[in-house]
Amino acid sequence: MCGYAGKFLEVNLSTMEIKEVRFSDEVLKDYVGGRGLAAKILWDRFGSRWETVDPLGSENLLLLLTGPLTGFFPGGRICVSGKSPQSNGVIGSTVGGEFGVELKCAGYDGIFVSGEAEKPVYLFIKDGDVEVRDASHIWGLDAKQTVAVLTRECRELLKKRFPQKGEWREPAILYIGPAGENKVRTAVVAAKWSHAAGYGGYGAVMGAKKLKAVVVKGTGPLPEVADMEAVKRLIQEVCNNAYESELWRRWGTGSGGYEVGAKSSSEPVRNWQDEWHDEKSFGVDQFENRVWVKQYWGDFGCPTTCLKLAVVRAGRFKGAITDNPDYELQAYVGTNLGIFTPEANVYMASVIDDLGLCGIQTGNVLGFAAELYQRGILTKEDLDGVELKWGDAEAFAVLAKKIAYREGVGDILAEGTYRAALKIGRLKGLDVMPYAVQVKGVGVGAHGIRSEKDYPEIYSYACSVQCGDHTSIACMPLDDSRSEHIRIFDDSGVICFFNTFGLPRALVFDFYKAVTGIELTKEEWVNTKAMKIIQLQRAMLLLGGPDLRWNPEIHDDNPPRFYEPLPSGPFKGKAVERARVDEEKRKYYELVGWDERGIPKSEVLRRLGLDDVDKALEKLR
Ligand code: SF4
């Protein structure tokens, strides 16, 4: 089918069997690729025994999937998925970079990794040649070291094997840092220095498989498209649209560190005890003048160029370097920890990158620990001697390292906020869940709902099939541009949704048609295909297990903190009203075809052809 390389690679690290997998055109038409296809693959593999599959066991599948639009729609991404060690459901987590394009040029639409290696390994793919190579020498290395060693090693390998081709451009690499190796549930699958598939915790899944990295170099062309002239015209339209947003290209999301707090009152401040601040030291001008040494930098073929390179040139944090921070990192390893200077924020971001941790999930659990310390629930002794005061970047960095290596209290916090709250609650004989700002095991993105001035609605996280993920929120109507029904298309075609801002949605479906030849309308997508993917994700989320199960009557809810009034700022006193949440949830359930308890209805599943899902959910009804 046009737009697809036509085959996927499956590597079983227990048996070292390597094989190719193909899907029918019908499956690709229905599930597209990326997140949608991940839901289908995972359901078909594990289905009715979903609850028994340990996300950190050898049975879980790690999926690295492109979509038909990867390599064509400007901006490069790859979708990482599997059974999530955070939610125990399925999360489609995308990461920027060239990996997806290289993989398609190597002749594969995606990679499935099953089993568990006996010793650390990495996969090296050069077109049709696939090798499982020893990774003992890079196990334990941090992000920048891993990228440096693997880039050098694989370029030398290519040069030796293909001397007639001279010097090779660097291959694309997905890898884990120490956190992933230690199966930390907030570990990322990373690309470059700090690009990260963070939601889901798939770095821990890679670590459980002893898979340090996947390296790919493709020399073939991208797959055929249905209408090349239309593809070229549409690429130009996407680029023209991006070129109109000068500040967006210059700053990316980096103006948010000040503005989301100061203007919208929806930024996490000191573990969400507040969502407003007026710290001008955190303004975009401060980042631009003090730490950003490179701007207008983008992933493959991207006109938006939202990336930055930040370096601290003097002072306590001199030498810290990161390719960002973007808004989420400004917020979660900045304001959420009481840090309000670009230098300390860049330092924290570089520590988080190097350890292979997720800035959002780790910033969330660090903020949670700091609030427990503030309240005297966790003592200096509990924290292995760390005085965890707001704004002390060095103290937070020490704790982040403990998390990555599962040392002392870090072993508890490495389980992520929800599981850590359960454990600390048991140890202290106290309910600490009121301080855990998460939904179904996933720390919420840095966009609060109390002021109702940011884009998520008051039920958005509670009802999302990806839980606290700010890139996939529940919204009404279902075809709203913010809705996860729409975002699933971006995650399944596997494109960067930043490049869809300001574009009519019809243009994205035109792009899909130009690449694949398949006509698709927004209505058809939202009401049938996205709906099917949503039901699959919802079913696997509710089946959950083996360590935790979610009861939608309890867990389809906001973190308790969002029901507390905002303490300061222009929206002081504003809180989410539970009665309104319940009312909106009821409407959302009805729209999406779930019963009053939030379980997908039998007739809806059968209409969508998901009879086996219906059968598996009988035990929950
Ligand atoms: S908009 Fe930013 S994150 Fe998206 S592809 Fe472009 S550079 Fe990468």
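A residue is called buried when its relative accessible area is under 20%, exposed when that value is over 50%, and partly exposed in between. Leu388 has a relative accessibility of 1% and therefore counts as buried. The model in which this value was computed is a predicted one.

**Surroundings of Leu388**

Leu388 belongs to the loop between helix 13 and helix 14 (393-405). Beyond its neighbours within four places in sequence, Leu388 is in contact with Leu366, Ala369, Ala370, Tyr373, Leu383, Ala395, Phe396 and Leu399. Glu343 lies 45 residues away from Leu388 along the chain, and the C-alpha atoms of the two are separated by 19 Å.

**The chain as a whole**

The protein chain contains 24 helices and 17 strands. Its C-alpha trace spans about 60 × 60 × 50 Å along the principal axes. For 621 residues, a compact globule would have a radius of gyration near 25 Å, and the 23 Å of the protein chain agrees with this. Of the 621 residues, 66% are buried. The chain exposes about 21,100 Å², of which carbon and sulfur atoms supply 50%. Among contacts with a separation of 6 or more, 68% are between residues 24 or more positions apart.

**Helix 2 against helix 18**

Helix 2 (residues 34-46) packs with helix 18 (residues 484-493) at an angle of about 90°, and the two axes are 5 Å apart. Angles of 65 to 115 degrees count as roughly perpendicular, and the two helices are therefore roughly perpendicular to each other. Helix 2 contributes Gly34, Arg35 and Gly36 to the contact, while helix 18 contributes Glu484, Ile488, Asp491 and Ser492. Sorted by class, the contact of helix 2 with helix 18 has 1 nonpolar, 3 polar and 3 charged residues.

His485 also lies in helix 18. With a relative accessibility of 0%, His485 counts as buried. Residues up to four places away in sequence aside, His485 touches Leu478, Trp525, Val526, Ala530, Met531, Ile534, Tyr588 and Val592.

Which residues does the cis peptide bond with an omega of about -5° join? The bond joins Met476 and Pro477. Pro477 is located in the loop between helix 17 (460-463) and helix 18. In the loop between helix 18 and helix 19 (505-516) lies Val494, which has a positive phi of about 60° although it is not a glycine. Val494 is buried, as its relative accessibility is 1%.

**Backbone features elsewhere**

A cis peptide bond also joins Asn324 and Pro325, with an omega of about 0°. Pro325 is placed in the loop between strand 15 (321-322) and helix 11 (327-332).

Lys192 is not a glycine, yet it has a positive phi of about 50°. This lysine is found in the loop between strand 10 (189-191) and strand 11 (195-197). Is Lys192 buried or partly exposed? With a relative accessible area of 23%, Lys192 is partly exposed.

Gln361 lies in helix 13 (residues 359-374). At 4% relative accessibility, Gln361 is classed as buried. Apart from neighbours within four places in sequence, Gln361 is in contact with Gln86, Thr186, Tyr199, Val442 and Gly443.

Val149 is part of helix 4 (residues 143-161). With neighbours within four places in sequence left aside, Val149 is in contact with His137, Ile138 and Leu141.

| Pair | Separation along the chain | C-alpha separation |
|---|---|---|
| Gln361 and Gly441 | 80 residues | 9.8 Å |
| Leu388 and Glu343 | 45 residues | 19 Å |
| Val149 and Tyr327 | 178 residues | 30 Å |

Terms used: Residues numbered from 1 in each chain as written. Predicted model: local features only at pLDDT ≥ 70, side-chain atom pairs only at ≥ 80, totals over all residues. Heavy atoms only, no water. Axes fitted to C-alpha atoms, helices over the stretch in contact; angles between N-to-C directions. Helix = DSSP H or I, 4+ residues; strand = E, 2+ residues; numbered from the N terminus. Parallel < 35°, antiparallel > 145°, perpendicular 65-115°, else oblique. Contact = heavy atoms within 4.5 Å. Nonpolar A, V, L, I, M, F, W, Y, C, P; charged D, E, K, R; others polar. Rg over C-alpha atoms; globule rule 2.2 N^0.38 Å. Buried < 20%, exposed > 50% of the residue type's maximum accessible area, 1.4 Å probe, protein only. Areas by Shrake-Rupley, 256 points an atom, 1.4 Å probe, with all protein chains shown as cover.
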